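Please open the model in your viewer and keep the selection tool at hand. The tour goes from one selection to the next, and each stop says what is there.

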Amino acid sequence: AAGARLWLVPLLRQALRGARMSYFTEEMLPVARRLGARAAAAKADGRAFEAQRCAAGEAALWSLLPAFCRWPEDAAEAFPSLAPALGSALSARADLRGPLTEALRRLIQQARAVLDADRKASAKANPVGGGAADADSDAEDEDDALEDGDEEEDEDRAREAAAVAA
């Protein structure tokens, strides 16, 4: 019966944004684990077709993790409970490393984007503190760049003069 709904996985992978990571941890992860255990048991019993279908279902559910990590609303709260499962799967399951590392990459990039936005907002909100100092250092950097440009022009003129004299 679960295999009948696997056609939804690609749609969910594309559409999920701002979902709860805790939903993946609490609902999807246990199903994926059950499918993995069922695949291993079927393989051990020589039921290759069932093992293959269960393994495909497990992989499909794990492939949803990067989508659940696309701007999740509860990343800070849910990640500590998901981290042990991620760590063990990363070390034990080479076949799952693609979606797992993609999920981690997304979380890291989004955290960086939030930190950068917070820094810019605080600099704009507090121009007397860090903002003014940043503006002064930016002006000094521009002056240094202009001076460097003058030196380069002087060097170019010196080369031209040397070429004409020779």
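Begin by selecting Arg38 and Glu50, which form a salt bridge whose closest N and O atoms are 3.1 Å apart; a salt bridge here is a side-chain nitrogen of Lys or Arg within 4 Å of a carboxyl oxygen of Asp or Glu. Arg38 lies in helix H2 and Glu50 in helix H3, so the pair ties together parts that are 12 residues apart in sequence. Helices are DSSP runs of H or I with at least four residues, numbered from the N terminus. Arg38 is partly exposed, with a relative accessible area of 46%, and Glu50 is also partly exposed, at 23%; buried means under 20% relative accessible area, exposed over 50%, and partly exposed in between, with a 1.4 Å probe and protein chains only.

A note on what you are viewing: this is a predicted model, in which local features need pLDDT of at least 70 and side-chain atom pairs count only at pLDDT 80 or more, while totals for chains, interfaces and linings use all residues. Residues are numbered from 1 along each chain as its sequence is written, and side-chain values use heavy atoms, with hydrogens and water left out.

Asp45 counts as exposed at 53% relative accessibility, whereas Arg47, at 35%, counts as partly exposed. Salt bridges that share partners join Arg38, Asp45, Arg47 and Glu50 into one network. The count of salt bridges comes to nine, and one of them links Arg20 with Glu26, with 3.9 Å between the closest N and O atoms. Arg20 is partly exposed, with a relative accessible area of 36%.

Which residues surround Phe68, leaving aside its neighbours within four places in sequence? Phe68 is in contact (heavy atoms within 4.5 Å) with Leu16, Ala19, Arg20, Met21, Tyr23, Phe24 and Met28.

Stay in helix H2 for Thr25, which is buried with a relative accessible area of 14%. Beyond its neighbours within four places in sequence, Thr25 is in contact with Pro30, Ser81 and Leu82.

Then select residues 97–125, helix H6: at 1.5 Å a residue its 29 residues should span 42 Å, and its end C-alpha atoms are 42 Å apart, which agrees. The expected span is 1.5 Å times one less than the number of residues. Within H6, Leu100, Ala103, Arg106, Leu107 and Gln110 are buried, and the buried residues of H6 pack against helices H2 (21–44), H3 (48–62), H4 (65–68) and H5 (75–92).

Finish with Cys54 and Cys69, which both count as buried, Cys54 at 6% relative accessibility and Cys69 at 1%. How many disulfides does a search of the whole structure find? The search finds zero, a disulfide being a pair of cysteine sulfur atoms within 2.5 Å.

Methods. Helix = DSSP H or I, 4+ residues; strand = E, 2+ residues; numbered from the N terminus.
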